[in-house]
Amino acid sequence: MRSNIATLKEHFEQLFPGKWLTKGLNKKNLQTGLEDIDSSPSKGLARKRITEWGGAASSGKTTVLRSVIANWCASGLHVIYIDSNNKLIPSDWAFIEEGKEGGKPAGFSSSKRQLALVEPARAAGRFWVVRNLSNNNKKHKQNAVWAAEQLIRSNLFDVVVFDSSNSTPLSSRLYARLQHALDASKAALLIVKDHEITSSTQSNWGVYTQLHFEWSTPLVCEDGLNGVTSIAPKIHGTIAKDGLTNNIEVAMNSYAANRLFTHPQISDRRTSKARTAFKK
Amino acid sequence: MCSPEASKKGIYAGMKLSDARATCADLLWRECNERLYAAAQTDFVQTLLECSPRVAAHQSGVFLLDASGRQRLGGENKLCRDILRIAGKAGYVNGQVGIADSAFPALVATRIKDRRWFIVNQYSSAKFLARLPIDHLPLSQSLYDLLFSLGIKTMGQFVQIPREEVLKRFGTEGLAAHELALGFDLSQPRIPVANKIFESQVDLGGPIEALNQTMFVVKSMLDGLTQSLNEEELRAEELSVSFFNDDEKFDERSIPLVQPSNNPKFLLDVVRLSLEAQPLTREFTALKITITRYSSAQWQQSQISELPEIANDENAYQQNDQTGKTETLENMNLLLQRFILRLGEDALVKPIANDQYLPEKAGRWQAVINQQTRSANHNYTDNSTSESNLVSTVINTAYIDNLLGEKGLVPNLVLKKNTPPVPVIVEFHEGSPKAVRYDGRWHYIKRLTSPECLSGNWWDDPIRRSYYTALIDTKSEPLEKLEEPTLLSIFHEQDSKSWFVDGIYD
């Protein structure tokens with residue numbers, strides 16, 4: 001009965017914003033910092049719900065997600081990422097807790113600056129990663145689902161990101177199991193999945209919000225002395241909830257990466273004799 | 001620390017490993033393992049009891065023995081030979097022995113070069129120390145520099161200064177060093193305390209299939225063990241649970257704890273979690289629980305560096321007060337324990353930047369729980385700290401941030417890496433790559449960046465690669481019409497002349 005009333009209130013809120021939801025209920029939606037998502041019918045991403053974050057294997061979805069995660073950490077939320085296929089590299093995520101996310105979407109409204117004005121002493125949220133899921137006899141997908149369920153039930157994280165890309169999709173039964181865990185938790189679950197371009201992107205049962213991303217033109221190419229130094233395509237997306245769809249346009253700021261380190265490359269100072277002896 | 005042989009080649013403690021390897025190609029390196037050293041110290045103390053009834057570990061690798069009353073036991077020279085023989089049998093072939101009236105002159109006597117043992121005559125400690133440099137004294141760098149600048153280079157010169165003057169000019173540190181230079185040292189060996197064993201065994205009388213039927217028995221066993229631990233002011237760090245079937249032990253599992261505890265409820269949950277992760281394969285008739293590792297109870301906060309902060313939400317499920325924080329800490333401990341038991345310690349990690357230019361070495365995953373921060377089970381007085389440094393980023397982020405901003409620290413796009421890199425075939429046209437065969441089909445290379453050439457790591461696994469970012473598509477349509485665009489990271493291996501796909505930008 002209560003959940004029906006809450007759903008009805010949310011519907012009325014979409015029709016007549018600002019009148020139906022109390023302040024506390026508003027906090028149940030996580031603001032991403034992307035205008036197109038935060039002002040869409042879903043008003044951000046809902047806690048205690050499953051959000052599907054999909055796109056082709058190379059579509060920019062994880063780059064956008066990284067910016068959003070950095071925003072959440074800057075807001076003081078705790079995020080954990082289940083990297084079920086060990087695809088992430090640590091150098092891409094090392095400064096997330098400090099709110100540094102590399103290529104930032106243009107027009108991204110970072111919570112960090114706003115939060116610093118209001119709560120300067122607020123600690124940044126935690127960002128952990130779960131990986132190496134094939135450590136015992138159980139398959140890594142089984143371990144990944146177990147890990148997601150444990151993390152949701154622990155109530156220690158605000159967002160659990162389950163990256164199931166490059167593996168077989170989760171069944172509706174697993175979705176139901178995860179939703180059951182979410183019902184008794186405060187966390188939001190994001191399932192990152194790869195869609196093939198030509199196949200259907202129909203979501204599973206229990207998905208509350210669905211986002212889909214893909215590269216689009218025009219490309220932003222940064223030129224250097226000897227040619228192109230970086231390529232940053234535009235990212236186009238759609239967000240769907242309860243049959244309502246909104247478009248998302250994410251343009252990445254132009255960016256030429258420089259590998260700069262505080263120590264120079266270590267040159268090989270050995271003599272040719274020593275080098276030969278070492279090879280032997 | 002580094003060996004004398006390494007020091008001769010220009011290696012010194014505190015050096016970066018990459019610099020050390022560049023200086024000495026055949027350098028051998030081992031990770032510091034405080035627990036291993038502590039266990040070795042404890043074992044060696046037990047071994048040295050053969051020579052003297054009172055033995056204590058003074059510092060890492062230094063032991064104090066009571067050498068009094070040796071007249072009827074062959075004399076002090078025989079004692080030295082016996083100690084060296086025992087040390088040699090235990091594998092420590094470079095040991096040295098010093099005998100004196102007190103600990104400090106005996107310690108200095110072990111440093112005499114080219115002598116396996118040195119005996120300082122009775123009542124002659126001050127005379128022995130007088131001609132030796134003040135380097136032997138435990139002085140801070142500032143005090144040492146001060147004494148040196150005043151022309152005090154030997155302990156004999158130092159002891160000529162009156163005691164009151166030493167206290168006035170050099171403080172309590174100087175006074176303590178002054179006492180040592182006179183040969184007065186209150187350190188004494190003591191009779192070692194035997195290792196305590198905390199064990200509980202129950203014979204159930206009949207075969208039991210599942211532990212659920214006997215949880216109350218396990219609970220009472222753990223209650224008894226934790227009570228014994230509490231009486232000794234100790235906490236369990238590791239449990240060992242053994243299952244028997246008619247006197248045959250068929251299952252023994254070691255359960256390390258996330259953090260030391262003597263809470264029976266927590267220990268019961270840990271045992272239950274272990275059995276959920278690894279169910280028993282047979283019925284059992286007896287059960288034994290042993291506390292294999294324990295430490296002194298320390299009344300301080302958790303060693304997990306980040307305690308979760310509860311959101312200050314009016315609809316929060318836990319109140320943001322002391323009770324809530326205790327519950328949250330318990331939840332965190334249980335969660336970490338579950339992950340360690342089922343997936344291992346490397347499952348929960350944090351990304352840490354590394355000061356390396358090769359992409360695969362520019363960061364590393366650091367386990368959230370580090371084994372090394374857990375205290376070892378030792379029963380001697382250890383002056384050295386056993387904490388190891390968890391953070392090893394060595395990145396001067398402020399410098400890079402000031403110079404370049406975020407782009408100097410974090411790449412633009414997220415790379416999903418292939419492990420290992422996937423070999424591909426690249427087709428060239430007029431000297432530049434035009435197509436690549438990847439994922440079972442040919443793709444046109446629509447855009448390709450100029451290469452980033454990286455080389456190095458010659459002391460380990462040499463790398464010479466040119467990295468490119470390529471925008472590929474299945475169709476040869478103009479750039480404005482992308483069919484199935486994919487942004488790849490590919491590299492050309494110079495040594496093998498092969499191309500690989502390092503990963504996909506997503």
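## Terms and basis of the model

A residue is called buried if 20 or more other C-beta atoms lie within 10 Å of its own, exposed if 12 or fewer do, and partly exposed in between, with the C-beta atoms placed from the backbone. The structure is a predicted model, in which local features need pLDDT of at least 70 and side-chain atom pairs count only at pLDDT 80 or more, while totals for chains, interfaces and linings use all residues. Residues are numbered from 1 along each chain as its sequence is written, and chains are lettered from A and ligands numbered from 1 in the order in which they are written.

## Confidence

For the complex, the predictor gives an ipTM of 0.80 and a pTM of 0.71. Two residues are in contact if their C-beta atoms, placed from the backbone, lie within 7 Å. Residues 371–393 of chain B also have a pLDDT under 50, and the model has 41 contacts for them beyond four places in sequence.

## Strand 7 of chain A

Helices (H or I, at least four residues) and strands (E, at least two) are DSSP runs, numbered from the N terminus. Strand 7 of chain A covers residues 188–194, and seven of its seven residues are buried. In a regular strand the side chains alternate between the two faces of the sheet. On one side of strand 7 of chain A lie A:Ala188, A:Leu190, A:Val192 and A:Asp194, on the other A:Leu189, A:Ile191 and A:Lys193, and all are buried.

Two strands pair if DSSP finds at least two bridges between them. Strand 3 (residues 50–55) of chain A runs parallel to strand 7 of chain A and is joined to it by six bridges; here A:Gly54 has A:Lys193 as its bridge partner. Strand 6 (residues 159–163) of chain A is also parallel to strand 7 of chain A, with five bridges between them, and A:Val159 has A:Ala188 as its bridge partner. From strand 6 of chain A the chain passes through helix 7 (residues 172–183) of chain A to strand 7 of chain A in a right-handed β-α-β crossover. Right-handed means that, with the strands pointing away from the viewer, the path from the first strand over the helix to the second runs clockwise.

## Architecture of chain B

Chain B contains 13 helices and 17 strands. Of its 506 residues, 28% count as buried. Among contacts in chain B with a separation of 6 or more, 54% are between residues 24 or more positions apart.

The chain is divided into domain 1 (1–30), domain 2 (37–181) and domain 3 (415–505), with bounds from an automatic or database domain assignment. The C-alpha centres of domain 1 of chain B and domain 3 of chain B are 37 Å apart.

## Backbone details in chain B

Which peptide bond is cis, with omega near 0°? The bond from B:Thr419 to B:Pro420 is cis, and B:Pro420 lies in strand 11 (residues 415–429) of chain B.

B:Tyr123 is not a glycine, yet has a positive phi of about 65°. B:Tyr123 sits in the loop between strand 4 (117–119) and helix 6 (125–130) of chain B, and counts as exposed because it has 9 C-beta neighbours inside 10 Å. B:Asp439, also not a glycine, has a positive phi of about 60°. The loop between strand 12 (432–438) and strand 13 (441–448) of chain B holds B:Asp439, which counts as partly exposed because it has 13 C-beta neighbours inside 10 Å.

Notes: pLDDT = per-residue confidence, 0-100.
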